[in-house]
Amino acid sequence: MRGLLLIFSFLSIVFSKDITSGGKLSKNQLGVDVRHYDIRLKVDPKRKIISGHVNIKIKIIDEVRFIELDLLNQYFISKVMIDSVTTPFKHRDNTIFIKPQNLEINSTILVTVEYKGKPPIAENPPWDGGFTWSKSKDGYPWIGVSCQSNGSHLWYPSKEHPSDEPESAELHITVPKPLSVASNGNLQNVKEHKNKWTTWHWSTKYSINPYNINFTVGHFELIERIVPSLGKPLRVQFYVLKENLEGAQKLLDQVEIFVDFFTRNFGQFPWIEEKLGLVNTPYFGMEHQTMIAYGNDYKKNEKGYDFLLFHEMAHEWWGNYLSVSDWSDFWIHEGFAVYCEALYIEEKYGYEEYNSFLTKNISKKIPLSKPIVLERNSTMSQVFGLDPYYKGAFVLHMLRYLVGDESFFKILKDVLHSKKHLPNNQITTSDFIDIVHNEIGTNIDWFFKVYLYENQYPVINQKTTHGSNHTFVELSWENSDFSMPVEVFYKSNIGFTKKKLVITSEPIMIAIPQYNKIRIDPDKRILLTIDKKQ
Ligand SMILES: [Zn+2]
């Protein structure tokens, strides 16, 4: 039994490491642009099988030898067609290689992949993804899908990469009655079949990241509310299990408060023409665009709000509307979403609480296990960890301290709304740095180099000597070119003094009353290491 367990957990580790989102695109994949996914699947809760086909509209943008799509090997592909013509293909290494007759650059083709199989079971959703075949308390199937870490090819044939967002997507998901399907965009119709199955047709007209295309199946009730969003009506839909009905309205009260906060600070809800969706999921949560996965059981934190709801809603602006095209920039999704919570606390409870959230809750959780920006073409399994979340948020906190509030909030607006060179409002870390430099008019690469690309905090050297009347403290940054200003706190003859000092790698000396102690960065605004040299 023990041996079996070991083998089992070993397999699951292999699975989660090997099957991951992002990475380096092949030449064939770089040569195509996915415009639209139309996913038509029957989900059989009894046999735990999915079957059907996916139509993918693809624009050919460069010379390609094969159309290359990602789909796990464990699915059986019965047919592949290009523009309705059956086409030869090979399915190996979790990739479908489709040999087209001839492809013209700038032409658009429709690739159809017919397949079926048992999707992987999620070991630890949403982090280790797959299908969660659960049951609600009333005995009905309750099915969740999570694939941010492992990639969309875990359940549908796709060009699995954050860079290629289709311009729109639709899902036709067929389930046994009386189950419902909650998904992205607007519900078009529910078609009843004679055999007691129904097809739920959802459609989004917005560009969407492949991992955000998602559905949840359950015996749901639908609760709706219209919420004001900068003078426009925003439709909020909550697909909620009967067992969770109580408390659902209160969650929507919080949605209303958060919509007000986000729209005032970051502009209109990005998918105002569709909806803000919430669905009970048999896992913690995920920011699925226009249908947030919610599994936090209405838990409130010590400040009285639902942190998960807040975090996933933050992603509608930071992560879904603004998104990255390479997982090496993942901190832009998570760091900004976590920092939004600090801003919410500041607005609601004041600056002291904001500061204490960042110093007590955030900086202490930074594992410092890797730089938050890794090399280009990173996979999700390479970048994932708590650093992009907590260090990412703290970098924004320090940037604000460095450039001042006025510039900082202008930068946030620009990052979110300025025109990007990448499609679909996608951004890179270097675009972000350019926006900062443009706004402040000076180069602070020294700041980004240390905090984004290195895995150690900068070191401040402190050398103390005692003279006949004074104690002298010499301060310098160990890191060359680094010039983060630092606050110091000490007692002098006029009482307690707090000073902001510009420190560089050249030592500066301050004199304080003899045998007094100096405190460096008393409010813990900066991630640093102090090296005391006596
Ligand atoms: Zn997140």
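The structure is a predicted model, in which local features need pLDDT of at least 70, side-chain atom pairs count only at pLDDT 80 or more, and totals for chains, interfaces and linings use all residues. Residues are numbered from 1 along each chain as its sequence is written.

The secondary structure of the protein chain comprises 11 helices and 29 strands. Helices (H or I, at least four residues) and strands (E, at least two) are DSSP runs, numbered from the N terminus. The C-alpha trace spans about 95 × 60 × 55 Å along its principal axes. A compact globule of 534 residues would have a radius of gyration near 24 Å; the protein chain has 26 Å, which agrees. That radius is taken over C-alpha atoms, and the globule rule is 2.2 Å times the number of residues to the power 0.38. Of the 534 residues, 43% count as buried. A residue is buried if 20 or more other C-beta atoms lie within 10 Å of its own, exposed if 12 or fewer, and partly exposed in between, with C-beta atoms placed from the backbone. Among contacts with a separation of 6 or more, 66% join residues 24 or more positions apart. Two residues are in contact if their C-beta atoms, placed from the backbone, lie within 7 Å.

Two packed helices are described by the angle between their axes and the distance between the axes. Helix 3 (residues 248–266) and helix 4 (residues 307–317) pack at an angle of about 35°, and their axes are 10 Å apart. Axes are lines fitted to C-alpha atoms, for helices over the stretch in contact, and angles run from 0 to 180 degrees between N-to-C directions. The crossing of helix 3 and helix 4 is right-handed. A crossing is right-handed if the near helix is turned clockwise from the far one by less than a right angle, and left-handed if anticlockwise. Helix 3 contributes L251, Q254, V255, F258, F262 and F266, which meet L309, F310, M313 and W317 in helix 4.

Helix 8 (residues 387–403) has 17 residues, which at 1.5 Å a residue should span 24 Å; its end C-alpha atoms are 23 Å apart, which agrees. The expected span is 1.5 Å times one less than the number of residues. Helix 8 is mostly covered, with 12 of its 17 residues buried. Among them are Y389, Y390, G392, F394 and L396. The cover includes helix 5, helix 6, helix 7 (380–383), helix 9 and helix 11. Just after helix 8 comes G404, with a positive phi of about 90°.

I362 lies in helix 6 (residues 351–362). I362 is buried, because 20 other C-beta atoms lie within 10 Å. Leaving aside neighbours within four places in sequence, I362 is in contact with V338, F357, Y390, A393 and F394.

Helix 10 (residues 429–440) has 12 residues and should span 16 Å at 1.5 Å a residue; its end C-alpha atoms are 17 Å apart, which agrees. Its buried residues are T429, F432 and V436. Seen down the axis, these fall within an arc of 60°, so they line one face of helix 10. The arc is that of the directions from the helix axis to the C-beta atoms. The face turned away from the buried side carries the exposed residues S430 and N438. The buried residues of helix 10 pack against helix 5 (331–349), helix 9 (405–417), strand 22 (426–427) and helix 11 (445–453). G441 follows helix 10 and has a positive phi, near 75°.

R525 is found in the loop between strand 28 (518–520) and strand 29 (529–533). R525 counts as buried, because 21 C-beta neighbours lie inside 10 Å. Not counting residues up to four places away in sequence, R525 touches M398, Y401 and E487.

Most residues other than glycine have a negative phi, and most peptide bonds are trans. Y298 has a positive phi, near 60°, and is partly exposed, with 15 other C-beta atoms within 10 Å. Y515 also has a positive phi, near 60°. Y515 counts as exposed, because it has 9 C-beta neighbours inside 10 Å. The peptide bond from P125 to P126 is cis, with omega near 5°. The bond from K177 to P178 is cis too, with omega near 0°.
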